[in-house]
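Hello,

Here is the structure I promised to pass on. Please open it next to this email and follow along.

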Amino acid sequence: MPITARPITTGVPTRKLEAFLRANEQMQVLETPFVVVDLDVVAERYDSLRVALPVADVFYAVKANPAPEILRMLVSRGSHFDVASPAEIDMCLAAGADPAVISFGNTIKKARHIADAYAKGVRLFAFDAEEELGKLIEHAPDATVFCRVLSDGEGADWPLSRKFGCEQEESLRLLRIAAAAGMKTGMSFHVGSQQRDLTAWDRSLEIVEHVASALAADGHMLSLVNLGGGFPGIYQDNMPPIEAYGEAITTAIAERLCGIFGDHMPRFLAEPGRYMVADAGVLRTEVVLVSRKHELDFKRWVYLDCGKFGGLAETMDEAIRYRLRTRYSSGPGQEFVPTGPVTIAGPTCDSADVLYDKTDYELPLALAPGDHVDFLSAGAYTTTYSAVAFNGFAPLQQVCI
């Protein structure tokens, strides 16, 4: 399918989303909480990233939102897929994906899951430890294996450091073991989710440069470099456009790796998740209770029917700060609506189920039980973080339109 640049949405709900929300309010088909996702926005984001970063194959991070409708649409556009489990592999295959375009990017895999993925035709596998590499050598003998290196995560709202990746020298040692075993090799990193710093990729590519140079001196050339994710959604703060990310990454690749690989550059992968689906979705919740801890308290508590365990886990440490909207929200040409500071919490009997207390959120003083509060740009990491039945609450519903 031809790829053309399109304007990137601003995180404001599309007309399709607004029409769905209005219709549902009138007909009460879906009870809150629920997420509605505009597939056209996902397609737009895929196309825009292809234009901004043409050097890399796009591997959609399925964990961000594995809705079958999203996967089928991305298959139709030629997307590749980054998966974290056997179930995600099966989801991609069910959506029509070729196993050759699936990367098993989780560095923590059971041996039988590696063998099963390999039997299904998956040929890209991540690792970051010698023990994991040993499983791959045994159960995926002619696959391409890529070693994940540590990233400091600086500049990211949701860092992904420490648990995943190994030190630079360890990655060199492990890749030498893989090369000696006859494996095709690569490297990967992840600069952290919702990355604000455009230089973050350069810092990680500097590590790739050192390791790739040492391997080249051994006579072994990397065949793959996985650039990971980090491309942002639009929450409370404005973010650089995707073109700026593409330019920064492309420049860093040229400066760091051209001297090693020349005209025979390795294959590059990018693993967008949040960028692809966050701004495509709205999570609609209902106010259950508005209260104060003392009658003279200036700050109200607003309890919603969706909380940390219902799909808003990324409010942990108030890391992801969603934009909120109510029917009272004022805008250009509208009457001013008085607001006041709030603590926002979920409905469960768990004291950890507080979404925002330190961040300065204000909501209309008129807000009352039964009113809706919309979390904008909520298409990523909401349904997949929803508990099955904590406190008996049903999992978060989702509709794709």
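How many aromatic pairs does the count come to? Eleven, in this predicted model.

Take one of them. Tyr322 and Phe375 pair edge-to-face. Their ring centres are 5.7 Å apart, with 75° between the planes. Tyr322 sits in the loop between β13 (300-304) and β14 (324-326), and Phe375 belongs to strand β18 (residues 372-376), so the pair ties together parts that are 53 residues apart in sequence. Are these two residues buried or exposed? Both Tyr322 and Phe375 are buried.

Look also at Trp201, Phe231 and Tyr245. Ring pairs join these residues into a cluster.

Rings meet charges here too. The charged end of Lys109 is placed over the ring of Phe104, 5.6 Å from the ring centre. Lys293 lies over the face of Trp301, and the distance to that ring centre is 4.6 Å.

Now the strands. As background, strands of a sheet pair through backbone hydrogen bonds, either parallel or antiparallel. Which order do the barrel strands follow? Eight strands close the barrel as β2-β3-β4-β5-β6-β8-β10-β11, and their pairing is parallel. On average, neighbouring strands of this sheet are turned by 25° against each other, direction ignored.

Zoom in on one pairing. Strand β10 (residues 224-226) pairs with strand β11 (residues 267-270) in the parallel sense, over three bridges. Asn226 has Leu269 in β11 as its bridge partner.

Last, a helix. Helix α6 (residues 130-139) lies across β5 (124-127) and β6 (144-148). Helix α6 runs at about 155° to β5.

Best wishes

Conventions: Residues numbered from 1 in each chain as written. Predicted model: local features only at pLDDT ≥ 70, side-chain atom pairs only at ≥ 80, totals over all residues. Heavy atoms only, no water. Pairing = 2+ DSSP bridges. Helix = DSSP H or I, 4+ residues; strand = E, 2+ residues; numbered from the N terminus. Axes fitted to C-alpha atoms, helices over the stretch in contact; angles between N-to-C directions. Contact = heavy atoms within 4.5 Å. Phe/Tyr/Trp six-rings, centres within 6.5 Å; stacked < 30°, edge-to-face > 60°. Buried < 20%, exposed > 50% of the residue type's maximum accessible area, 1.4 Å probe, protein only. Lys NZ or Arg CZ within 6 Å of the ring centre and 35° of its normal.
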